[in-house]
Amino acid sequence: MPDENPLIGLVIRYAFLWSDQARRGAIEGVKDRPCVVIFATRRRADGRWLVRVLPITTRPPDDPDATMTIPAKVRRRLGLDAEESWIVLTELNQFIWPGPDIRPLPGRLSTAWSYGTLPADFFD
């Protein structure tokens with residue numbers, strides 16, 4: 001589990017809960033997936049971090065305007081799947097950092113939970 005502060009652009013493994021799953025009553029995501037941290041702020045009340053993440057998927061988008069393609073060189077640098085991937089811009093999860101839904105990366109050390117950060121020029 002991460003013990004450092006969340007960084008904008010950080011790609012983590014997370015049990016993302018899609019909005020259609022939540023509407024059906026689910027309270028936890030079914031599949032762990034890469035997600036990118038797009039927002040992080042300390043709460044005044046307790047000093048804990050409030051974080052928002054967008055999911056990354058390899059499923060081709062129904063609406064290309066609702067996604068952002070991750071270039072192959074960025075996928076390679078992060079160690080993501082070789083197949084094409086998209087950041088979904090229309091789905092969002094919010095949680096207190098670090099949350100129980102942050103997961104270890106598959107096939108890596110059990111303490112590894114981050115793929116790294118998106119390059120600043122791509123994130124911007």
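Arg43 sits at 32% relative accessible area, so it counts as partly exposed. Its salt-bridge partner is Asp46, at 2.3 Å from N to O, and Asp46 is likewise partly exposed, at 36%. Keep in mind that this is a predicted model.

There are six salt bridges in the structure. Here are some of them:

| Salt bridge | N to O distance |
|---|---|
| Arg43 – Asp46 | 2.3 Å |
| Glu28 – Arg103 | 2.8 Å |
| Asp20 – Arg24 | 3.3 Å |

Now for Glu28 and Arg103, whose side chains meet in a salt bridge. Glu28 belongs to the loop between helix H1 (19–23) and S2, while Arg103 belongs to the loop between S6 and S7, so the pair ties together parts 75 residues apart in sequence. Arg103 is buried at 19%, whereas Glu28 is partly exposed at 40%.

What about Asp101? This residue is in the loop between strand S6 (93–97) and strand S7 (114–117), and at 18% relative accessible area it is buried. Leaving aside residues up to four places away in sequence, Asp101 touches Arg13, Tyr14, Ala15 and Glu28.

S1 pairs antiparallel with S7 over three bridges, with Val11 opposite Gly116. Five bridges join S1 to S2 (residues 32–42), also antiparallel, and there Arg13 stands opposite Pro34.

Methods
Residues numbered from 1 in each chain as written. Predicted model: local features only at pLDDT ≥ 70, side-chain atom pairs only at ≥ 80, totals over all residues. Heavy atoms only, no water. Helix = DSSP H or I, 4+ residues; strand = E, 2+ residues; numbered from the N terminus. Buried < 20%, exposed > 50% of the residue type's maximum accessible area, 1.4 Å probe, protein only. Contact = heavy atoms within 4.5 Å. Pairing = 2+ DSSP bridges. Salt bridge = Lys/Arg side-chain N within 4 Å of Asp/Glu carboxyl O.
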